[in-house]
Amino acid sequence: MNKAFLLGAAAYPLLEISYRGRTHPAMALAGGAGMAALERINRRPGHLMKKSLLGAGAITLIEYGTGMLFNRRYQIWDYRGMRGNISGQVCPQFCMAWLGLAAGYAFLFRHDVI
């Protein structure tokens, strides 16, 4: 199994527990998939901003897919009250947070300098 996946699968639920006091097993899957996506994107040549935008998009798609599979009753998270949400599963506010995460990852673990 991919090291980035394992790191994300462990780190995201721990972060959620420290922030919200609870998590769900699906968050390990989402965290692992998100971190693996960031690593895959980061290994390709490209500008930091491009990698950041691709990473944020990938994480948002993973969040949406995870939500549609595991969060249909909004028991894990609920963005329905947030402006610009899509089906209560994703919202612009968290998309911006994922952009920050992706940019930080791309900067700290860059494989090329463009």
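Is Glu39 buried or exposed? Select Glu39 and take a look: with a relative accessibility of 12%, Glu39 counts as buried. Buried here means under 20% relative accessible area, exposed means over 50%, and partly exposed is in between, using a 1.4 Å probe and protein chains only.

Before you click on, two notes. This is a predicted model, where local features need pLDDT of at least 70, side-chain atom pairs count only at pLDDT 80 or more, and totals for chains, interfaces and linings use all residues. Residues are numbered from 1 along each chain as its sequence is written, and side-chain values use heavy atoms, with hydrogens and water left out.

**Stop one: the salt bridges**

To count as a salt bridge, a side-chain nitrogen of Lys or Arg has to be within 4 Å of a carboxyl oxygen of Asp or Glu. Both residues sit in helix α2, which covers residues 25–43, and they are four residues apart, about one turn of the helix. Helices are DSSP runs (H or I, at least four residues), as are strands (E, at least two), and they are numbered from the N terminus. Arg43 has a relative accessible area of 55%, so Arg43 is exposed.

How many salt bridges does the structure hold? There are three. For another one, go to helix α1 (residues 3–20) and select Glu16 and Arg20, which are four residues apart, about one turn of the helix. The closest N and O atoms of this pair are 3.6 Å apart. Glu16 counts as buried because its relative accessibility is 9%, while Arg20 is partly exposed at 29%.

Now select Asp78 and Arg80. This pair also makes a salt bridge, with the closest N and O atoms 2.7 Å apart. Asp78 is partly exposed, with a relative accessible area of 36%, and Arg80 is partly exposed too, with 48%.

**Stop two: how the helices pack**

Hide the side chains and show the helices. Start with α2 and α3: they pack at an angle of about 155°, and their axes are 9 Å apart. The axes are lines fitted to C-alpha atoms, for helices over the stretch in contact, and the angles run from 0 to 180 degrees between N-to-C directions. That angle is why α2 and α3 count as roughly antiparallel to each other. The cut-offs go like this: under 35 degrees is roughly parallel, over 145 is roughly antiparallel, 65 to 115 is roughly perpendicular, and the rest is oblique.

Next, bring α4 into view alongside α3 (residues 48–70). What is the angle between α3 and α4? They pack at about 130°, with their axes 8 Å apart. α3 and α4 are therefore oblique to each other.

**Stop three: the loops**

Select Arg44, in the loop between α2 and α3. Arg44 counts as exposed, at 58% relative accessibility.

Then move to the loop between α3 and α4, where you'll find Tyr74. Which value does phi of Tyr74 take? Phi is near 60°, a positive value in a residue other than glycine. Most residues other than glycine have a negative phi. Tyr74 counts as partly exposed, at 23% relative accessibility.

Ser87 is in the loop between α3 and α4 as well. Its phi is near 55°, again a positive value in a residue other than glycine. With a relative accessible area of 37%, Ser87 is partly exposed.

Finish by zooming in on Phe107, which lies in helix α4 (residues 92–108). Phe107 is partly exposed, with a relative accessible area of 45%.
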